[in-house]
Each structure stands twice: as C-alpha cells, then as structure tokens.
Amino acid sequence: GGDTTSSVTGLAISITCIGEADKDKVVYRNGAQDTDLICVSGDLGGAYMGLQLLEREKAVFQGEKEANPDFSGKEYILERQLKPEARKDIIEKLAKAGIKPTAMMDISDGLSSELLHICKASSVGCRVYEDRIPIDYQTALMAEELNMNLVTAAMNGGEDYELLFTVPLHAHDEITKIPGVKVIGHI
C-alpha cells in the first residue's frame, strides 16, 4: 500500500509490519466465487464524516487565536477518524464459527474501491444493496448536517478499517449470526 500524507510539522511516521501465517488460513483478494455473499464488519462512512467535521471546524476557526469547537454528540465519528482499530475480533469470530472467507481485505480506501479490487482479482462482478450498507446514526446525522450524500460517504469515504469479505452462499445462516457482520450483497 501507499502512505501519502501531509503534516503541518513535517513529521510523518510510516510503519510496515511483516508476519507469518499458516498457509491454510491465509485469505487473498482473488478467491471470490459466483454466488458468494459480500459481507462487511462494523459500519461505514463514520471516519469520512469525522474528517469532514474536523475540516469544517478547522475552516471555521482559521485565523482565530483559540479554537473551541463543540464536538459533543460527535465523539464516535471523530474516534473513527482519529483512532482506527483493526478488526481482529471479526477474524476470531469467523474462525470460531468455522467460516473461512473466500476473499478478504480491509476497507481503507472506501467500500467501492475495495470491492473493485476483489472483483478484478477474482475476475467476477458484484451487486451491493444500498439499504444493507451498515451506517451509524452519528454518521447519518453528520451527513445530513453537511448536506452530503450518505451512501456516497459510506461507499467512497475510506479510513473505516472495517473488513470486506466474501463467503460461500451455504454459510449464510452462520454468517448472519455473527454480531458486527452484515451481508450487503453477492458476487
């Protein structure tokens, strides 16, 4: 991946982790098959709405000596932007349920971009149902406040670091029992 970032102070720290895994447990982007279910963890668009909020407040207080933005009621979307967390818990829940995804990746550049990566790598297409995309209430409120399209934010916002993965159709009943996982479409 690429880390393109800016900094007012000129300091940027980029970290790469390299590890090992059992070959039979590794899931790549290229394993999605026709009729697989498309699943996501958590909710989407929150990090993007947090960024929009921060950018708005920065513009409002530009040139002021003291900035006192009121972020009450918006803590969740700010945390989604400022403190992203990897969803290791979902990996553990899938393993416990005996479900091995056919394809998987994290959602760092937005759902639409990541779906395209999986589809291209797997030589398949997909169908996503807008009403099934999980969106948090604070995300929806912020999108309304900023007069932004909520689905566009969820599909293209990025930085959510949730998981996007596909599972075989026969795993439907098991996957829908896992808290924090939503089926949003199919390959």
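Student: Which helix gives the largest share of the lining of the second largest pocket?
Tutor: That's α2, with 3 residues. Helices here are DSSP runs of H or I with at least four residues, strands are E runs of at least two, and both are numbered from the N terminus.

Student: Before we go on, what sort of model is this?
Tutor: It's a predicted model, where local features need pLDDT of at least 70 and side-chain atom pairs count only at pLDDT 80 or more, while totals for chains, interfaces and linings use all residues. Residues are numbered from 1 along each chain as its sequence is written, and side-chain values use heavy atoms, with hydrogens and water left out.

Student: How many residues line the largest pocket, and which lie nearest its centre?
Tutor: The lining has 42 residues, and Ala86, Met105, Asp106, Ser108 and Tyr161 lie nearest the centre. Elements giving two or more residues to this lining are α1 (46–60), α2 (75–82), α3 (88–97), β2 (103–107), α4 (111–122) and β4 (162–167). The largest share, 5 residues, is from α3. By class, the largest pocket has 19 nonpolar, 10 polar and 13 charged lining residues.

Student: You named Ser108 there. Is serine 108 buried or exposed?
Tutor: Serine 108 is buried, at 16% relative accessible area. Buried is under 20%, exposed is over 50%, and partly exposed is in between (1.4 Å probe, protein chains only). You'll find serine 108 in the loop between β2 and α4.

Student: What is serine 108 in contact with, leaving aside neighbours within four places in sequence?
Tutor: Glu114, Gly158, Glu159 and Tyr161, where contact means heavy atoms within 4.5 Å.

Student: Where does tyrosine 161 sit?
Tutor: Tyrosine 161 is in the loop between α6 and β4. Its relative accessible area is 27%, so tyrosine 161 is partly exposed. Although tyrosine 161 isn't a glycine, its phi is positive, about 55 degrees.

Student: Let's get back to α2. Which of its residues are buried?
Tutor: Ile77, Leu78, Arg80 and Gln81. Looking down the α2 axis, these buried residues fall within an arc of 155 degrees, so they line one face of the helix. The arc is taken from the directions from the helix axis to the C-beta atoms. The buried residues of α2 pack against α1, α5 and β4.

Student: What about α5, which residues are buried there?
Tutor: In α5 (residues 137–145), Gln138, Thr139, Met142 and Ala143 are buried. They fall within an arc of 135 degrees seen down the axis, so they line one face of α5. On the other side of α5, Tyr137 and Glu144 are exposed. The buried residues of α5 pack against α1, α2 and α6 (150–156).

Student: And just after α5, which residue takes a positive phi?
Tutor: Asparagine 147, at about 55 degrees.

Student: New topic: lysine 83. Buried or exposed?
Tutor: Lysine 83 is exposed, with a relative accessible area of 52%. Lysine 83 lies in the loop between α2 and α3.

Student: Last one: how many helices and strands does the chain have?
Tutor: The protein chain has 7 helices and 5 strands, in the order β-α-α-α-β-α-β-α-α-β-α-β along the sequence. Of its 187 residues, 36% are buried. The C-alpha trace spans about 60 × 35 × 30 Å along its principal axes.

Notes: 1 Å grid on protein atoms, 1.4 Å probe; cavity = no way out; pocket = protein on both sides within 12 Å on 5 of 7 lines; lining within 4 Å. Nonpolar A, V, L, I, M, F, W, Y, C, P; charged D, E, K, R; others polar.
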